[in-house]
Amino acid sequence: MDSSALHSPNCHGLAAAIRIILITSALICSATATRVLPNNTSDFIKTSCEKTLYPKLCIETLSPYSNSIQTSPMELANSALTVSLKGAKSTTSKISKMSKEESLGPAETHALTDCVENMEDSVDELQKSLLEMKNLNGPDFEEKMGNVMTWVSAALTDEDTCMDGFQENPAMNQKVKATIRSYILNVAQLTSNALALTKNLSSS
């Protein structure tokens with residue numbers, strides 16, 4: 001081939017066209033890669049949440065953590081415990097505030113005070129669970145996972161115990177009972193989901 005042909009206007013045009021195609025392809029591949037990750041993460045969260053008792057709540061509360069979760073079962077469990085802890089703290093604060101209302105009768109005040117104590121225990125147990133999750137590496141993995149499972153289960157029991165204090169007294173103010181039930185139901189569902197996802201991590 002005549003070397004002068006390599007420098008012809010047609011070849012220059014062809015080379016430029018090839019460069020444009022390559023650059024465009026690279027941009028498309030980059031954009032595609034950027035889109036694939038969130039879709040994979042969303043699918044991972046959805047599939048994992050289907051193993052819980054409250055999948056819709058699970059997806060709604062964990063989706064905001066998708067950047068840190070990616071497709072990691074460990075990060076998923078950590079995020080679920082974090083959500084549960086936040087819910088437990090918020091619920092404890094609300095119930096503590098209610099317990100100080102002067103309009104309450106002795107039965108409601110007593111039940112609310114007991115409930116606050118139960119919820120404080122729940123918060124403490126969830127905090128210990130999260131701390132243990134940071135130190136799972138090593139030969140004692142199963143033992144540490146056992147501790148986490150025990151604490152999360154205890155937190156869920158404490159939340160249920162809070163509600164029992166209201167259900168056992170039929171004469172108690174129904175409005176107070178309904179309010180407490182809505183608070184506890186939400187945080188108990190969050191904790192139940194966290195427990196399920198932690199169990200899944202333990203068995204994987």
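The following dialogue explains how to read several features of a predicted model.

Trainee: Which conventions apply to this predicted model?

Mentor: In this predicted model, local features need pLDDT of at least 70 and side-chain atom pairs count only at pLDDT 80 or more, while totals for chains, interfaces and linings use all residues. Residues are numbered from 1 along each chain as its sequence is written, and side-chain values use heavy atoms, with hydrogens and water left out.

Trainee: How many helices and strands does the secondary structure of the chain comprise?

Mentor: Helices (H or I, at least four residues) and strands (E, at least two) are DSSP runs, numbered from the N terminus. The chain has 7 helices and 0 strands, in the order α-α-α-α-α-α-α from the N terminus.

Trainee: What share of the residues of the chain is buried?

Mentor: A residue is buried under 20% relative accessible area, exposed over 50% and partly exposed in between, with a 1.4 Å probe and protein chains only. Of the 204 residues in the chain, 35% are buried. Accessible areas come from the Shrake-Rupley method with a 1.4 Å probe, and for residues only the protein chains shown count as cover. The chain has an accessible surface of about 11,800 Å², and carbon and sulfur atoms account for 57% of that surface.

Trainee: Which residues touch the most other members of the largest nonpolar core?

Mentor: A nonpolar core is a set of buried Ala, Val, Leu, Ile, Met, Phe, Trp, Tyr and Cys residues joined through side-chain atoms within 4.5 Å. The largest such core has 46 residues, and those touching the most other members are Leu62, Ile95, Leu112, Met133, Phe166, Ile180 and Ile184. At least two residues of this core come from each of helix 1 (9–49), helix 2 (55–62), helix 4 (73–99), helix 5 (106–133), helix 6 (141–167) and helix 7 (174–203). Helix 7 supplies the largest share, 10 residues.

Trainee: Which residues does phenylalanine 166 touch?

Mentor: A contact means heavy atoms within 4.5 Å. Leaving aside residues up to four places away in sequence, phenylalanine 166 touches Ala111, Leu112, Cys115, Met172, Val176, Lys177 and Ile180. For the chain, among contacts between residues at least 6 apart in sequence, 69% join residues at least 24 apart.

Trainee: How many salt bridges does a search of the whole structure find?

Mentor: Side chains of opposite charge can pair when their charged atoms come close. A salt bridge is a side-chain nitrogen of Lys or Arg within 4 Å of a carboxyl oxygen of Asp or Glu. The search finds 2 of them. One joins the side chains of lysine 128 and aspartate 124 (3.8 Å, N to O); both residues lie in helix 5, 4 residues apart, about one turn of the helix. Lysine 128 is partly exposed at 32% relative accessible area, and aspartate 124 is partly exposed at 38%.

Trainee: Is lysine 144 buried or partly exposed?

Mentor: Lysine 144 forms a salt bridge with aspartate 140 (3.8 Å, N to O). Lysine 144 counts as buried because its relative accessible area is 16%, whereas aspartate 140 is partly exposed at 28%.

Trainee: Where do cysteine 115 and cysteine 162 lie?

Mentor: The sulfur atoms of cysteine 115 and cysteine 162 are 1.6 Å apart in their disulfide. This pair links distant parts of the chain, with cysteine 115 in helix 5 and cysteine 162 in helix 6, 47 residues apart. Cysteine 115 and cysteine 162 are both buried.

Conventions. A disulfide is a pair of cysteine sulfur atoms within 2.5 Å.
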